[in-house]
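Hi,

Here is the structure I promised to pass on. My notes follow directly below it.

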Amino acid sequence: MNANREVLCMEPELTETPIGVATPVTPTTDTMPRRASVGRDVRNTVGTITVPNPRMEARDVNVFYGEKHALKGVSIDIGAKEVVAFIGPSGCGKSTFLRCLNRMNDTVSGCRVAGQISLDGSDIYDRKVDVVPLRAQVGMVFQKPNPFPKSIYENVAFGPRIHGLVNHRNELDELVEASLRRAGLWEEVKDRLDQPGTGLSGGQQQRLCIARTIAVSPDVILMDEPCSALDPIATAKIEELIDELSQNFSIVIVTHSMQQAARVSQRTAYFHLGHLIEVGSTRDIFTSPQHELTEDYITGRFG
Amino acid sequence: MAHPTEGHTVKRFDGELNHLHLRALEMGMLTCNQVRDALNALQQLDGGKAMAILDQDRTVDHMEVSIDEEVVGLIARRAPVAQDLRTIIAISKIVTDLERVADEAARIAGITHTLADGSRSSPGNQLLRDVLVMGRMALDMMQRALHALDTMNSAQATALIRERDEMGLEFQSAFRRLTTFVMEDHSNFGHAVNLVLVCKALERVGDHARNVAEYVYFLVEGRDVRHLHNGERERGVPTVRHDAEEDGDAG
């Protein structure tokens, strides 16, 4: 019926305009929030390294293994009652830095640490500092569960005993039970406390090691890939435990599982070839990181 | 920055993201065509063409569902983060808007079908003019939004987001003119109501185009800019300085 209807003001562009024809409108840049994007060649740390309530403060930490410069000017705070995750590829320095935090590198021959690291304001590398109590204050849980070849009870009781934290057997019993409960292991082992810790499953052994660490009331707990040898169920139990422990302790966790870092931590630090590249809230790091190297790593773009 | 869909060590992930991106663009082209066809059908009062648009709407609906299936699958299998996560979420949101654009096209086609049933007079050139002016503007916005999505260019998205609300202003003046037509001749009343509905549909197409641009901006820049300029727009305050320096960053 409309075959001969005249064409109105419809112009050819209605049918032929290619997508994206230039328009006279120019954009303005004010008030549009933009993401700071930092290029791959930049090695300064991006993001906020400080927290309002730090327990530990590391400043310009450099580590050398002989000639090798393994850690280059790392500065970061560990806040009270927070979980900080260190991520990065193998050899990036994250475990090296973790071991600086309770002077585990002292035992590595040829290793030299420069810079300042303090716990509650006092320098942990001061000559007067005794590393034995330091390592109780800053406890460590390793990749492979390493219970002592002793009974479950003795594994937990050992630390409080040598540090002189208890006076009576009753007190020790209570501390062992409390530590095992906090580590979520009590119900599973309460009837066999005299049996060897090495007889437990891998996940149970790891929780025993955590119980052993928290028995000496540390300020900070360092965890070096604590779940890499565990199945998903044991991993979930440890992650749940980390969440509970963070109500009382500061926790620093090194992990190769980015999803684990995303799940358990409030702050994330990304290391790359000895540099601390970016620090930020875990939420920001995993939704909108600023440094291209961080972006490449967490999205699986490995060079 | 790496192209949002490329550079993964796992190449198949690149392929999956590229596929998702292409599907969204394909759906965008389809919805653009729906709007264009709806306007042509209205201009020619072609009821048959209008029916074809209504049929085609189902294709768009299916595309929305199948693209969202891809989105859910990618989230489940790839656990995307950062740029990948933003790309996937933005595309999922974009296809929702695109589907609504197609709905608006179908609404226009429905009205055309009513107008074209022959029992009434045609609305006449004067009444149609406003509709077609708005139609061109809506299509232009959609095309620019899709181009920003195609190139993942935040500067182009910004241009569309910051632009003053020509569509809203045009709708208001069209409404005034249509009111005058009705006052001049009451027999125009039915047509005027239908054409106001068409104009409203086109105004919404423009809003959806702007939403698409906002998601593209989020995809590239990681910042959510929805609702930032609504206040200005509602008051009709121009939000673009035409003398501003071109924003040259391609993101």
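Glu57(A) has Asp77(A) as its bridge partner in S2(A). Another such pair is Met56(A) with Ile78(A), the latter also in S2(A). A word on labels: strands (E, at least two residues) and helices (H or I, at least four) are DSSP runs, numbered from the N terminus. Two strands count as paired if DSSP finds at least two bridges between them.

This is a predicted model: local features need pLDDT of at least 70, side-chain atom pairs count only at pLDDT 80 or more, and totals for chains, interfaces and linings use all residues. Residues are numbered from 1 along each chain as its sequence is written, chains are lettered from A and ligands numbered from 1 in the order in which they are written, and side-chain values use heavy atoms, with hydrogens and water left out.

**Chain A: the hairpin and its sheet**

Strand S1 (residues 54-65) and strand S2 (residues 68-79) of chain A run antiparallel, joined by eight bridges. They form a hairpin with two residues between them. Gly66(A) sits in that turn and has a positive phi of about 60°.

**Chain A: the six-stranded sheet**

Another open sheet in chain A has six strands in the order S6-S7-S8-S3-S9-S10. Here the pairing is mixed. Strand S6 (138-141) and strand S10 (275-281) of chain A stand at the edges with a single partner strand each, so one side of each has no neighbour in the sheet. On average, neighbouring strands of this sheet are turned by 20° against each other, direction ignored. (Axes are lines fitted to C-alpha atoms, for helices over the stretch in contact; angles run from 0 to 180 degrees between N-to-C directions.)

Now the pairs. Strand S3 (residues 83-87) and strand S8 (residues 250-254) of chain A run parallel, with four bridges. Phe86(A) stands opposite Val254(A) in S8(A). S6(A) and S7(A) also run parallel, over four bridges. Met140(A) stands opposite Leu222(A) in S7(A). S7(A) pairs with S8(A) in the parallel sense over five bridges. Val220(A) has Ser250(A) as its bridge partner in S8(A).

How many residues of S7(A) are buried? Five of its five. Buried means under 20% relative accessible area, exposed over 50%, partly exposed in between (1.4 Å probe, protein chains only). In a regular strand the side chains alternate between the two faces of the sheet. Both faces of S7(A) are covered: Val220(A), Leu222(A) and Asp224(A) are buried on one side, Ile221(A) and Met223(A) on the other.

Helix H7 (residues 202-214) of chain A lies across S6 and strand S7 (220-224) of chain A, at about 175° to S6(A). Helix H8 (residues 232-245) of chain A packs on the sheet and touches S3, S7 and S8 of chain A. Its direction makes about 150° with that of S8(A). Contact here means heavy atoms within 4.5 Å.

**Chain B**

Chain B has eight helices and zero strands. Of its 251 residues, 55% are buried. Among contacts in chain B with a separation of 6 or more, 83% are between residues 24 or more positions apart.

Helix H6 (residues 166-184) and helix H7 (residues 189-221) of chain B pack at an angle of about 180°, with axes 10 Å apart. That makes H6(B) roughly antiparallel to H7(B) (under 35 degrees counts as roughly parallel, over 145 as roughly antiparallel, 65 to 115 as roughly perpendicular and the rest as oblique). The residues that meet include Phe171(B) and Leu178(B) from H6(B), and Leu195(B) and Val196(B) from H7(B).

One residue to look at is Leu30(B), in helix H1 (residues 11-43) of chain B. Is Leu30(B) buried or exposed? Leu30(B) is buried, at a relative accessible area of 17%. Leaving out residues up to four places away in sequence, Leu30(B) touches Gln56(B), Thr59(B), Val60(B) and Met63(B). The C-alpha atoms of Leu30(B) and Arg164(B) are separated by 26 Å, and the two residues are 134 apart along the chain.

Best wishes
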